[in-house]
Amino acid sequence: VSPDRSDDPREHGRAGDGRRLRERLRRLRIGPSVPRFYFDSLDGDFVIQDDEGIEFDGLEAARDQAATALAEMAKDVLRGPTRRELAIEIRDQDRNPVLKASLIFEVQRLR
Amino acid sequence: MVKSVGADQDIVREGSRPTECCLVVEGFACRYKVTPGGRRQIFSFHLAGDIPDLQSLHLKVMDHSLTTLTPSQLAFIPHGSLANLMRRCPRVADVMWRDTLIDAAVFREWMMGIGRRCAETRIAHVLCEILVRMSAVGLANGRACELPVTQTELGDALGLSTVHVNRSLQELRAKQLISLKGGFLTVLNWEGLKEAGEFDPTYLHLDNQVEERVA
């Protein structure tokens, strides 16, 4: 699986020729460079570090993806414990942290 | 008549009325549809030997699109020739029918994944499927094969965000089940990956020997 290109859904439109052209340029490595972001995921103390990164047009797009991914993580892992914190930390291409999105899941017995 | 086609080129588009079917001779293709909001769903991956749009022989208007994912060699068979061939050789007609049935079996398995399996299981499953299918057509080297799909494409196929695909792949790597390098997949632990993907190759209806080749 090759490290990735933008996942902006608008780019998958029917008139996707712009996307195709950009993608082709990127495969030939002659296109404009797109920033790469690294997404570490945290489930409590359990960390999965991303060493590969994904290309996004900007931090906004990366942020949206982190939010979607967080919801997907929640769907997969939230069983059992009564309190859990899931998070995704985004690092920029110099590997400096730039954003953290987190989700706190809590179950309380009411009687 | 074999044509060279670049990566990410639509072969047949939704709504069109094709007069020929496409045989993948070399390369990687997929069938997909896009929501009005622009989100893509990939239905299946296709490799050498597949005729992904065989159904256009009987269903006149395409209800989805077919595109290459990598530079490919494609052969086009006119509908008339296919129909003639099937009339003359009932054995071929049987094989084509069988092919469309297996096609549907693969969809059922993908539906199971998208509806009921978690991300890591979905990914492990599709990796098992690709390796076994590549092996069936002699394109695998033991437990290794080309995997020319991006994480975004995997996400579009499995209904997952690229970030979650990325994360789940890291997890499969950390468990020493697979290694991925330069578009190449190597399965380090076949039994482990099968288990992680809840993969039972029955739905592919292949010769038993094919799985033994990877096992």
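Q: What makes B:Arg87 and B:Arg88 exposed residues, and which face of H1(B) carries them?
A: They are carried by the face of H1(B) turned away from its buried side, and they are called exposed because that word stands for over 50% relative accessible area, whereas buried stands for under 20% and partly exposed for the range in between (1.4 Å probe, protein chains only). This is a predicted model, in which local features need pLDDT of at least 70 and side-chain atom pairs count only at pLDDT 80 or more, while totals for chains, interfaces and linings use all residues. Residues are numbered from 1 along each chain as its sequence is written, chains are lettered from A and ligands numbered from 1 in the order in which they are written, and side-chain values use heavy atoms, leaving out hydrogens and water.

Q: How do you know that the buried residues of H1(B) line one face of the helix?
A: In helix H1 of chain B, residues 79-88, the buried residues are B:His79, B:Leu82 and B:Met86. Seen down the helix axis, they fall within an arc of 65° (taken from the directions from the axis to the C-beta atoms), so they line one face of H1(B).

Q: Why are S1 and S3 of chain B said to stand at the edges of the sheet?
A: The open sheet has three strands in the order S1-S7-S3 of chain B, with antiparallel pairing. S1 (2-5) and S3 each have a single partner strand, so one side of each is left without a neighbour in the sheet.

Q: What makes S3(B) and S7(B) a pair?
A: Two strands pair if DSSP finds at least two bridges between them, and S3(B) and S7(B) are joined in the antiparallel sense over six bridges.

Definitions and conventions: Helices (H or I, at least four residues) and strands (E, at least two) are DSSP runs, numbered from the N terminus.
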